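Thanks for coming, everyone. Let me put the model on the screen, and then we'll walk through a few places in it.

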Amino acid sequence: MKHLPLFDNIPKLSNSLKVFKKHFLGVPLLAFFNILTIVILGGLSVYAKFNNKGRGVERLFSDPFNFWLPYEGILTGLSEVIGCLPVAICAFTFGVLRQKDPGSRATIFLFFSALLLGVFYLDDRFRMTLIMSRLGISKKLIYLCYGSAVFLYGVKFWRYIKTTPYLPLVAAFILFAISRLEDIVNTPNQGLHAILEDGTKLLGLVNLALYFWYVCHHEVWRHFQQSEKR
């Protein structure tokens with residue numbers, strides 16, 4: 001009986017599936033987040049199908065772009081890009097350092113920095129403060145909670161922070177405080193309001209990103225130097 005070429009490829013296919021499974025499961029949480037995303041998208045698809053909500057689902061992925069004013073929102077988009085940089089840098093550097101020295105001051109500092117900045121980024125990106133204020137929660141109370149978190153963060157890690165060039169970090173939090181204060185005061189002049197709220201926030205994010213870029217670069221470099229000595 002003539003041997004079919006298809007059967008010759010089955011062992012190769014089986015090996016490819018094993019390699020794919022090894023790589024897929026080798027990255028922490030990769031399988032979990034992929035499955036979770038597929039379940040969410042599948043659920044939305046089923047919901048849209050049976051409730052005739054296709055347009056509503058489409059809006060979830062709509063591009064906030066104005067053809068006639070292509071520059072509209074460009075600084076907001078830039079702020080969102082810069083805002084995620086220190087979160088990603090801190091989280092990545094924490095992942096590198098914790099493998100060899102999980103209890104070091106730098107490792108713990110970067111973990112809580114990623115956590116704190118991540119909350120701020122999610123709040124800004126998904127307008128969580130605005131949503132909570134519409135539900136009746138005072139903005140003053142929300143900002144008081146955030147301010148308290150920053151204060152505790154500074155007190156806890158001041159001994160480590162002062163060993164770094166911390167001026168950009170301090171400047172960033174001062175600029176954020178001005179931005180949040182303007183959000184409460186709401187200056188009538190639109191141009192001045194935009195500069196005091198969004199302009200100061202953008203400048204604060206630039207300082208924050210540069211500070212953590214320097215700190216994380218220094219800590220990773222020191223980590224590799226220590227590894228080479230060992």
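Start with Trp 68. Trp 68 is exposed, because its relative accessible area is 72%, and the cut-off for exposed is over 50%. Keep in mind that this is a predicted model.

Where does Trp 68 sit? Look at the loop between α3, residues 54–60, and α4, residues 74–97.

Now follow the chain into α4. This helix has 24 residues. From its first C-alpha to its last, α4 reaches 35 Å, close to the expected 34 Å.

Which residues of α4 are buried? Among them are Ser 79, Ile 82, Gly 83, Pro 86, Val 87, Ile 89 and Cys 90. Further along α4, Thr 93, Val 96 and Leu 97 are buried too. As a reminder, an α-helix has 3.6 residues a turn, so residues three or four places apart point the same way.

What do the buried residues of α4 pack against? Two helices: α5, residues 105–125, and α9, residues 190–229.

That brings us to α9, and to His 193 in that helix. Is His 193 buried or exposed? His 193 is buried, because its relative accessible area is 17%, and buried means under 20%.

Now its neighbours. Leaving out residues up to four places away in sequence, His 193 touches Glu 182, Asn 186, Thr 187 and Asp 198. With Asn 186, there is a side-chain polar contact of 3.5 Å.

Technical notes: Residues numbered from 1 in each chain as written. Predicted model: local features only at pLDDT ≥ 70, side-chain atom pairs only at ≥ 80, totals over all residues. Heavy atoms only, no water. Helix = DSSP H or I, 4+ residues; strand = E, 2+ residues; numbered from the N terminus. Buried < 20%, exposed > 50% of the residue type's maximum accessible area, 1.4 Å probe, protein only. Expected span 1.5 Å × (residues − 1). Contact = heavy atoms within 4.5 Å. Polar contact = N/O pair within 3.5 Å; in protein donor to acceptor, adjacent residues only side chain to side chain.
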